[in-house]
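This briefing covers a predicted model.

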Amino acid sequence: MYFEALLKKKKYQINVSKRDYVWFVQLKEEGSDEWDEFHIPYSDFEEADNIISFIFNHESYLVDVVSDGLDCQVYSRGSYRDLKIYNDEMLLHESLKSGGMGGNDSSLRAGMPGKIVKILVNEGDEVAAGKPLLVMEAMKMENEMKAPSNVKITKLHVKPGDNVESGATLISF
Amino acid sequence: MFKKVLIANRGEIAVRVIRACRDMGIPTVAVYSDVDRYSQHVLLANEAYEIGPAPSVDSYLRDDKIIAVAKKAGVDAIHPGYGFLSERAFFAKAVEAAGIAFIGPSAQNIEAMGDKLSAIKLMRKADVPTVPGSNGAVETYEDAQKVAEKIGYPIMIKASAGGGGKGMRVVHKPEDLESAFRAAKSEGLNYFKDDTVYMERFITNPKHIEIQIFGDKHGNAVHLFERECSVQRRHQKIIEESPSPSVPEAVKKKMGEVAVHAAKSIGYVGAGTFEFIFDNSTKEFFFMEMNTRLQVEHPITEMVTGFDLVKEQLSVAAGNPLSFKQEDVKQQGHAIECRICAEDPETFIPSPGLVRRFRPPSGPHVRVETYVYSGYDIPIYYDPMIAKVVTWGQTRDEAIARMKRALVEFTLTGVKSNIVLHNSILKSSKFLDGSYTTQFCEKDLKVEQPDLFKHIDDKVFLIAAAIASYKNRETKIDNSQIKIESTSRWKQVSRRHAMRY
């Protein structure tokens with residue numbers, strides 16, 4: 001499952017999956033090319049006494065996570081962090097709203113990992129704000145991604161059938 | 001001894017007094033505002049009476065309601081705790097007039113020491129050193145200029161009725177005198193309805209050192225050594241220790257003698273504290289004010305002397321002579337107290353609300369005074385201090401090490417707290433070598449430990465949040481289907497083993 005997190009104004013990409021009794025967690029900080037990988041046995045992340053006992057690199061933390069979906073407070077050892085966690089559903093929303101999270105006036109980016117289904121424009125086209133640019137499949141749903149403003153297509157970076165990672169540039173304006 | 005005691009307070013101090021009463025076999029009566037129904041003091045006392053709505057002026061400051069409850073419940077003594085009505089002479093008077101003992105000094109004691117100007121005058125008479133200053137109110141700016149010339153810069157201008165940092169101004173050069181003088185006067189008027197100000201020398205390397213004293217109704221008075229309370233944020237103490245790492249033996253002895261002499265000179269009864277400003281360069285000390293009540297930080301004195309100050313308060317109020325003499329009081333080992341506040345540790349904005357998990361530390365020589373628990377909702381109306389962690393050690397280093405350990409053990413979730421601030425202070429070189437002054441938190445700490453949050457890796461929080469979010473998503477999806485989890489944990493374990501081998 002893919003997440004993006006915002007902590008102390010820094011953005012992180014996080015992949016969480018279950019593999020034979022371990023949590024496989026990949027973490028990448030904005031600006032870094034390296035994914036940090038962690039194999040955390042289920043038994044190292046367990047509830048005890050109404051709090052999570054998290055054994056991380058053999059350090060034992062008692063952790064409490066309070067979340068209303070997006071805003072998240074995590075407490076441990078007298079310290080705490082305020083962070084935002086975007087799950088796939090929220091990222092999709094963001095993506096549809098803004099034409100790609102991280103997208104701007106010079107490019108369209110994938111807000112989450114997915115597969116390109118259809119491309120509706122050609123290089124050189126001038127497209128009005130809000131018109132569909134391409135269709136991407138994510139979370140088993142096809143989503144139209146729209147032009148964030150009036151733009152001229154300068155380059156297509158993908159073709160139908162391509163799998164794309166979150167944050168990948170799809171179209172340059 | 002008393003038959004039943006009412007505690008005219010809330011929070012950890014009410015709990016502390018209830019415990020002392022229990023230790024002495026005295027039943028207790030709690031009073032509480034409507035939002036404090038589930039506060040620990042209400043749960044622990046033998047009897048409990050609601051006295052009004054949440055704002056203190058409608059409940060904990062209502063002397064009439066409290067005395068009415070005292071009569072109804074048939075108590076023969078009232079303990080005021082600290083804050084609220086504890087240093088109001090009119091309350092002590094009203095309690096005594098109702099035929100109930102006030103566990104504290106006499107109304108005259110409170111009155112004499114309550115006003116800072118009259119207290120300083122009285123102390124000068126008793127040969128207690130005071131900071132060179134105006135010797136009373138400064139009426140006009142012209143007078144202020146004359147006084148400034150006499151005592152020299154830097155100068156502090158203070159509102160007589162002020163406290164908690166309000167109505168205070170420091171002036172470093174003559175050209176700033178006028179604006180500061182007017183500002184202190186108007187703040188005094190705005191916050192305390194009194195624009196009387198006084199002036200004194202400002203000490204650049206100041207430490208806050210106080211002496212605990214105890215007097216009885218038979219003319220005896222003793223001191224229980226010093227506490228250093230220089231770690232402050234916005235003029236509020238946050239860490240205290242006893243003994244002070246800075247006061248030489250000879251000076252300490254002198255301070256104790258001065259305090260006992262002063263207490264005797266005013267016929268002081270009960271627990272009281274003389275607060276001194278201590279110049280860490282010259283090792284001079286000057287009287288600041290007297291607190292005519294039990295202090296928040298009294299536990300560190302209890303830890304190093306072994307006496308129970310609250311029990312002693314009750315005993316003395318009942319007319320008994322002090323249970324110990326000066327020569328019985330020994331300062332053994334070292335004690336530290338950290339005040340845990342539900343607040344943002346950087347902005348100091350209170351963080352009330354639901355405490356999800358509360359697991360206070362324990363173990364050898366760790367003492368926790370608190371009134372909250374898991375599931376408790378911290379109200380917005382009162383002090384953000386929710387707990388005090390006190391540790392003792394044979395040496396200062398040992399006490400500090402224990403405190404660090406205790407704070408790591410302290411689990412407090414759901415509200416922000418200043419535990420990270422304490423962790424940073426306990427790692428700071430100026431705290432560790434004892435040279436810290438009252439400016440430590442504002443100046444040195446910011447330089448030495450600029451990031452209070454660096455001590456735990458962000459990854460721990462990120463990964464925990466991500467796994468928890470994964471589980472949340474999964475539960476959401478699961479809940480949309482009917483699914484019965486039938487595999488027992490025993491079976492899960494054995495299957496896991498089977499897969500491994």
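In this predicted model, B:Glu302 and B:Arg367 form a salt bridge whose closest N and O atoms are 2.8 Å apart. B:Glu302 belongs to helix α10 (residues 298–305) of chain B and B:Arg367 to strand β17 (residues 366–370) of chain B, so the pair ties together parts that are 65 residues apart in sequence. A search over all chains of the structure finds 41 salt bridges, and the count between chain A and chain B is 6.

- B:Glu302 is buried, its relative accessible area being 6%.
- B:Arg367 has a relative accessibility of 18% and counts as buried, because the limit for that class is under 20% relative accessible area.
- One network, joined by salt bridges that share partners, takes in B:Glu210, B:Arg227, B:Lys237, B:Glu240, B:Glu275, B:Glu297, B:Glu337 and B:Arg339.
- Another salt bridge is formed by B:Glu111 and B:Lys93, with the closest N and O atoms 3.5 Å apart.
- B:Glu111 sits in helix α5 (residues 107–114) of chain B and B:Lys93 in helix α4 (residues 89–97) of chain B, so this pair ties together parts that are 18 residues apart in sequence.
- B:Glu111 counts as partly exposed at 46% relative accessibility, and B:Lys93 is also partly exposed, with a relative accessible area of 46%.

**Interface between chain A and chain B**

- The contact involves 48 residues of chain A and 40 residues of chain B.
- About 4,200 Å² is buried between chain A and chain B, with 67% of this area on carbon and sulfur atoms.
- Salt bridges between chain A and chain B number 6.
- B:Arg356 and A:Asp64 form a salt bridge, and their closest N and O atoms are 2.7 Å apart.
- A:Asp82 forms a salt bridge with B:Lys416, where the closest N and O atoms are 3.7 Å apart.
- This pair crosses between chains: A:Asp82 is in strand β9 (residues 79–86) of chain A, and B:Lys416 is in the loop between β20 (411–413) and α13 (419–425) of chain B.
- A:Asp82 is partly exposed, at a relative accessible area of 38%.
- B:Lys416 is partly exposed as well, at a relative accessible area of 23%; the class applies because this value lies between the 20% limit for buried and the 50% limit for exposed.

**Chain A as a whole**

- Chain A contains 1 helix and 18 strands.
- The C-alpha trace of chain A spans about 60 × 30 × 25 Å along its principal axes.
- Chain A has 173 residues, of which 45% count as buried.
- Of the contacts in chain A between residues at least 6 apart in sequence, 38% join residues at least 24 apart.

**Domains of chain A**

- The domain assignment divides chain A into domain 1 (2–86) and domain 2 (99–172).
- The centres of domain 1 of chain A and domain 2 of chain A, taken over C-alpha atoms, are separated by 30 Å.
- Domain 1 of chain A contributes 4 residues to the contact, and domain 2 of chain A contributes 5 residues.
- Between domain 1 of chain A and domain 2 of chain A, about 380 Å² is buried, with carbon and sulfur atoms giving 60% of this area.
- On the side of domain 1 of chain A, the residues that lose the most area to domain 2 of chain A are A:Tyr2, A:Glu4 and A:Lys11, which together account for 68% of what that side buries.

**Nonpolar surface patch on chain B**

- A nonpolar patch on the surface is formed by B:Val35, B:Ile380 and B:Tyr381, which together have about 290 Å² of accessible area.
- B:Tyr381 is located in the loop between β18 (377–378) and β19 (385–393) of chain B.
- B:Tyr381 is partly exposed, with 42% relative accessible area, and therefore passes the patch requirement of over 30%.

Note on methods: Residues are numbered from 1 along each chain as its sequence is written. Chains are lettered from A and ligands numbered from 1 in the order in which they are written. This is a predicted model: local features need pLDDT of at least 70, side-chain atom pairs count only at pLDDT 80 or more; totals for chains, interfaces and linings use all residues. Side-chain values use heavy atoms; hydrogens and water are left out. Patches are made of residues with over 30% relative accessible area and no salt bridge: like charges are joined within 9 Å, nonpolar side chains (Val, Leu, Ile, Met, Phe, Trp, Tyr) within 5 Å. Accessible areas come from the Shrake-Rupley method with a 1.4 Å probe; for residues, only the protein chains shown count as cover. A salt bridge is a side-chain nitrogen of Lys or Arg within 4 Å of a carboxyl oxygen of Asp or Glu. Helices (H or I, at least four residues) and strands (E, at least two) are DSSP runs, numbered from the N terminus. Buried means under 20% relative accessible area, exposed over 50%, partly exposed in between (1.4 Å probe, protein chains only). Domain bounds come from an automatic or database domain assignment. Contact means heavy atoms within 4.5 Å. Buried area is the accessible area (1.4 Å probe) that two parts lose on being put together, summed over both.
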